[in-house]
Amino acid sequence: MSCKCNCNSGTELLKVDYNNMMSDILGDEGISQNELEVMSPVVENAFNDVKEGRGKGMMGWTDLPYVQDAICDEIIETAKGVRDWAESFVVLGIGGSALGPTAVFQALCHMRHNELSKDKRNAPKFYVEDNVDPERMYALLDVIDVEKTCFNIITKSGATSETMSQYLIIVDILKKAVGKDISKHIIATTDHEKGNLIKIAKEENLKTFYIEDSVGGRFSELTPVGLLPAAVLGIDIKGMLAGAAQMDKVCMESDIEKNPALMAATLQYIAMAKGKNISVMMPYADSLKFMADWYCQIWAESLGKNIDNAGNSVNYGQTPVKALGVTDQHSQVQLYVEGPFDKVVTFLSVEKFRKVLVIPHGCEDIPDVAFLGGHTMNELLQAEKEATEYALTKAKRMNHTIILPEVNANTVGQLLYFFEMKTAFAGALLDINTYNQPGVEEGKNATYALLGKNGYDVKKAELDNAPQKSSKYII
Ligand code: PA5
């Protein structure tokens with residue numbers, strides 16, 4: 001029962017196989033056709049909300065596949081310049097300003113990119129620094145030569161403490177190493193006007209790319225946030241956007257049976273109502289490993305909300321969990337098969353890998369090993385995915401599979417956009433604000449107060465007056 005996608009142009013589209021969500025297979029633990037039909041007015045409203053909201057408010061991300069020809073050319077030109085001289089390219093950012101570049105790098109570059117020789121790499125070494133662990137920063141500085149490094153500082157707000165502290169550290173080191181003019185070494189990606197980074201970028205004469213106000217951090221991978229690092233790595237960024245455009249067309253199909261993102265969102269919505277509070281994302285491809293991290297952020301920050309649009313207290317959300325097939329079959333799958341009935345497992349599977357590896361014949365006198373010979377690793381991976389799917393389904397656990405024809409720039413663009421649309425539809429079904437993150441802001445503001453940032457005296461007083469920890473509970 002795969003969605004009937006319109007595979008009408010460009011690369012073949014990803015498909016969603018949702019058989020194992022349905023009562024035809026899971027019995028009472030599944031979702032019936034009748035439940036889907038009863039939902040149709042609510043689904044229609046949610047679909048119309050998203051369709052009518054396109055390009056407005058915080059939904060500027062729906063325009064991204066179509067309006068970036070000129071900026072792509074500028075990015076490709078800048079990336080070419082960087083590739084000509086830089087030995088390393090370092091992204092400084094966090095959350096939506098880091099997870100996308102990491103996911104796309106893993107998906108589309110050699111899996112040992114940084115360890116390849118310069119000739120084979122054909123691009124700078126690539127690092128994404130999304131934490132403020134001092135040991136990690138020292139470790140980075142041990143392996144890069146700052147004089148031969150280009151840093152891309154990415155922060156939409158231009159204010160995030162983690163990213164700005166990294167900026168201060170790197171600028172200090174750079175100025176000592178190369179002198180006052182650091183403009184060759186730093187590219188800024190930020191808001192046109194808001195925040196501190198744009199002011200700094202102007203003062204330091206930094207090459208700057210922009211994130212539109214109407215695109216939130218976790219929806220920003222298809223802006224220069226993700227496109228510049230990808231272009232530096234030699235990835236076909238126009239191909240990514242073409243894939244996103246292909247997916248966009250399908251996602252504007254009002255018939256749910258032809259719209260994979262609307263169907264996936266609706267199934268998750270019904271599953272949430274049935275107490276499935278955990279969404280496991282389990283790629284069966286190492287190339288898609290960090291897509292699960294990227295998904296975790298967009299799903300968690302967008303849907304984890306305490307009030308709905310009418311102001312009712314709701315405390316919605318589905319906790320995303322990342323897993324990797326087959327690795328986590330030997331770690332988490334026992335829980336998924338036999339533990340609480342509180343999860344929906346989403347498999348990411350790839351029809352055609354970029355490599356085929358035949359397992360050689362051997363150990364003929366040990367049949368329990370010899371049976372593997374002659375199969376490919378590709379077959380083994382697929383068999384293990386099907387076996388895990390079978391074990392879950394037999395145990396009546398909801399699961400479904402997103403199938404990519406192969407992993408390339410186009411299908412990665414499709415996948416990113418599919419998840420963005422799925423999240424938008426899910427937020428509309430829940431009738432919440434998908435695009436704010438007051439919980440994240442609370443933590444950011446408390447950090448500012450604790451570190452003495454101007455204007456945060458009231459927040460500091462609030463923290464000082466909060467219930468204090470007692471030493472009797474620390475043992
Ligand atoms: O989705 C979001 O808005 C957040 O997760 C941000 O991406 C994250 O907090 C980083 O923010 P900024 O890009 O402003 O530094």
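In which loop does N122 lie? N122 sits in the loop between α6 (118-121) and β3. Helices (H or I, at least four residues) and strands (E, at least two) are DSSP runs, numbered from the N terminus. N122 is not a glycine, yet its phi is positive, at about 55 degrees. Most residues other than glycine have a negative phi, and most peptide bonds are trans. The peptide bond from G325 to V326 is cis, with omega near 0 degrees. V326 belongs to the loop between β8 and α14 (333-338).

The model is predicted: local features require pLDDT of at least 70, side-chain atom pairs count only at pLDDT 80 or more, and totals for chains, interfaces and linings use all residues. Residues are numbered from 1 along each chain as its sequence is written, and side-chain values use heavy atoms, with hydrogens and water left out.

Two strands pair if DSSP finds at least two bridges between them. Axes are lines fitted to C-alpha atoms, for helices over the stretch in contact, and angles run from 0 to 180 degrees between N-to-C directions. Strands β2 (residues 88-92) and β4 (residues 149-154) run parallel and are joined by five bridges. L92 has I153 in β4 as its bridge partner. Contact means heavy atoms within 4.5 Å.

A further open sheet has five strands in the order β1-β10-β9-β7-β8, and its pairing is mixed. Here β1 (15-17) and β8 stand at the edges, each with a single partner strand, so one side of each lacks a neighbour in the sheet.

β7 (residues 278-283) and β8 (residues 319-322) pair in the parallel sense over four bridges. S279 stands opposite P320 in β8. From β7 the chain crosses through helix α13 (residues 289-303) to β8, and this β-α-β crossover is right-handed. That is, with the strands pointing away from the viewer, the path from the first strand over the helix to the second runs clockwise. α13 lies across β7, β8 and β9 (343-352), at about 175 degrees to β8.

The ligand is surrounded by 14 residues (a heavy atom within 4 Å). The closest are S97, T155, S157, T160 and Q297. Polar contacts are pairs of N or O atoms within 3.5 Å; within protein, one must be able to donate a hydrogen and the other to accept it, and residues adjacent in sequence count only if both atoms are side-chain atoms. A polar backbone atom of G96 is 2.9 Å from a ligand oxygen atom. For a polar backbone atom of K156, the distance to an oxygen atom of the ligand is 2.8 Å. S157 places a polar side-chain atom 2.7 Å from an oxygen atom of the ligand. Taken alone, the ligand exposes 390 Å², and the protein buries 92% of that (Shrake-Rupley method, 1.4 Å probe; for residues, only the protein chains shown count as cover).
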